[in-house]
Structures are given as C-alpha cells and as structure tokens.
Amino acid sequence: MTARNLWRWLVFASLLWGATVFPGGAAEPPATHLDLKEALRLAWKANPNLQISRLQALIAGEEMVRARSGLLPQVKTQVGQTIYDDPLKFKFGGSLPGASGGAGFAQTNRNFWNSQTSVNQLLFDFWGTPSKYMAAIKGHQASLLDTTQTRDNVFLTVAQGYFKTLRAKKMVEVAQQNVFDLKEHLRIAQDQYQFGIVTLNDVLQAKVSLADAQQNLIVAETDFIDIRSSLNKVLMLPVTAATVLKDEKVDLKAWALGEATDVALKQRSDLKASQERIRQQEKTVVETRAQFFPQFGVQAGHTYQVNNNLLHNHQWFAIFAMNWNIFSGLDTKAAVSQAKLKVQQLQEQHKDMNEQVQLDVQTAYLKIKETVDRIRTTEVAVTQGEENLRLNEERYKESVGTATDVIDAETLLTRTRVNYWTAVYDHQMAKAQMLWAIGSINELLPQENQPRHVP
C-alpha cells in the first residue's frame, strides 16, 4: 500500500468515526409509540395544570393545620437581660412631700436577667375557632375536588387531542390517495394524448388538478404536525417528537339523556367542589359572628428573675381571663353581612353550574347521535363514490366519458372520504366528551394505572 493510499484510508476512517461519535452523525431517536391509556398516564404524571392543582390542594391542607392550631395550647417563652443606670427602689416613711425622714431600698438588681414561660389555652369563643377549623376542612376537601376536576379536564383535552391527531393523520392519507389517483389519471391522459385520442386540454386539466391535490397534501401534513405538537405539549413530550398513536375507540354504554344527566349531577367533581365551598362559607359566617361575643381562656406559666432583694426568684401563676371587644365601629357587623352575602353568591353560582352540567350532558348526547348518523350516511357515500370513480375512469379509457367527469368523481370521492373519517373521529371525541360530562372520563385510565405523585 502506497503512502497516498494509506493517507486516504486514514482520512476515511476518521470521517467514519466522527459520523458515529458527534451528534450530527447520530441516528434520530425512535418515535414514541402511545396508546390512549399511556397518553393519559403521561398527562396524569407530568401535566403542569395538574401539578399546580396538586400544589393548591397541599396549600389548603396546610391552611387546615393552621386553623386547627387555634384549638391547641399555645406555649410561649421569653428570656431577657435588663440593665438600669440606677436600680428601681422602693421608698417608705416620709410619705408627705417635703417631710424629712423615711428610707428606701432597691427593688431590683441594677443588672439582671429574667425569663417567662406560659401556656395559653382557649376555653370557649362561641364556636369561632372550631368553625374556622371546619371551614378549613371544607376548603381542603374543595381543593381536592378541584384537583379531580382538573384531572378530568386534562383527560378530556388529551382524548380530544389524541383523536384529532389520528384524524389529521387520516386526512394526510386521504390526500395521499387523492394525489396517487390523479397521477394515475394524468398517466392515462398522457398516453391517450400521445395516441391522439384526447386533446392536450385533458393533460393540462389533469396536471392542474394534480397540483391542487399536492397543495392540499402539503396543508394536511402541516396540520398533522401542528396538532401532534399540541398533543405532545399536553403530554409534556418534546414538541417536535414524532409521536405515533395507536388507533383506538372509546368504550361507552348507551346512555339515555335523563339517566346520564342524573349521573352527572351526582358525580361531577366541580359540582361537589361548589357544594363544599358553600359549606365552607357557612362556617365562615359562624366564625365571623363569634366576634360579637367574649372569648374565655386560661393562661398558666412560670417566671424567673434574678433579684437579690426578693425572697423567691421563681413564681408560678395561673390566670383565667375574658377578652371582649364590645364595640368595633360596626366592623364586625359588616363582616358578618359580607360573609352571608358570600354564601348567597356561592349558591347562585352553584345553581348556574348545575344548569351548565345538564347542558354539557345534552351537548355530548346530541353530538354522539349526530356523529352516528354522519358515519352511517358517509360510509355508504364512500362506497358509492368509489364506484362512481371506477365507472368514470372506465368510460374515459373507452373515450366515452370526459376528463372532467373523472376529476369531478375524484374530487367528490375525496370530499366524501374526508367527511367519513371526520365523522368517525368526531364520534370518538363525542364519546370522550360524554364521559367527561358525567364525571367518568377517569375510567379511561384505571385507578391502578394512576401513579401517586407528590409535587
């Protein structure tokens, strides 16, 4: 081997090594394959809206702990160092001004330290503090239900994004089939033109139709990438990931409208959370009203002071006390009125939410019926459109039909295929929407597959 050949082999080997080591030469990572359950599991684990909702529930749990602390003893201690320029003194004798005589002695040391430890316990405040604790419990329960509703909303978003992605993929396939069929028609038109059977106009018409179909294919591919990227974002996957979805169907029993509505009114987490908010505010009314009345409590503890003039430096004490804010400038009265109005506000919101739940169920119910009818109609239309295209192609080959007839038949078949697959995936989304409307969309991901996640 000559020196030149050896040098060439070395250069080739180095380029091959660089292509396998550096990122530019690395193979693309394999596409992520998902089914609907796996997509829901990813969203349950990492979706930011769910993370925020879980944190809010934890915050409400800590608020409950804080409210409960008012029922428990409060232990306080303090230690201090005191330095006087002249110690406090006690004077006796010669009590009249200007009178001579009398004497005085120091009451404290000039420099001393002292400490005090006390235990304070609320005895009774007309149910103010217990009501505050109960309100915090209701608030925590409402926050947990809010998290459940957030989960249901995220699951609906995932299910809809899943089937929208499948639908967009099917639109790409329909567009590809349209391009393929028009290419075949163009080939036939060119062959017949060469034999002088048809005019150049047929060839030009086929080329224009093919260009239009290719443009539709480009748009369909772009839409597919955009919709898939939106789903990736919800699942916290890389936006550009080439996610591959398994074609699935949502299982849903045949609900009657009234039955589905009754189930929704019992199961919807947002309705339950609304009821808990009302109960929470009712407890807040009791808590606020308690400010009209006195508070009874007890304090006990121990004090110690370094004092050479006292017989006992240690002191134990117990105090039974009543604290009553007799007049607060009508602030308490306004606060109670405000709390009651808040209850009425929440009740009105609950009524409106109750109506909205019924509307959600009715919308999903009608959408399911509509898509079933659309599937039935377009399924027959697709079969008829395929036969219509076949007949017009045969007629054109036999110089009986025209190129316009073939292109019109191809356009009609493509539109019918789009309508059919749109109805198919709209039907799956409608069933997912019904599960969400009745509060059962979490059934798409069994509880054992829902990982416990602590933010």
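## Aromatic residues

At 53% relative accessibility, W127 counts as exposed, whereas F126 is partly exposed at 24% (buried is under 20% relative accessible area, exposed over 50%, partly exposed in between, with a 1.4 Å probe and protein chains only). This is a predicted model, in which local features need pLDDT of at least 70, side-chain atom pairs count only at pLDDT 80 or more, and totals for chains, interfaces and linings use all residues. Residues are numbered from 1 along each chain as its sequence is written, and side-chain values use heavy atoms, with hydrogens and water left out.

Rings of Phe, Tyr and Trp (its six-membered ring) pair if their centres lie within 6.5 Å; planes under 30 degrees apart count as stacked, over 60 as edge-to-face and the rest as tilted. The count by this rule is 10 aromatic pairs. F126 and W127 are edge-to-face, because their ring centres are 6.3 Å apart and their planes stand at 80 degrees.

## Nonpolar cores

The largest nonpolar core has 41 residues, of which V158, F163, L235, M434 and I438 touch the most other members. Such a core is a set of buried Ala, Val, Leu, Ile, Met, Phe, Trp, Tyr and Cys residues joined through side-chain atoms within 4.5 Å. Another core, of 22 residues, lies apart from it and includes A168, V172, A206 and L389.

Leaving out residues up to four places away in sequence, F163 touches L36, E248, V250, Y425, Q428 and M429 (contact means heavy atoms within 4.5 Å).
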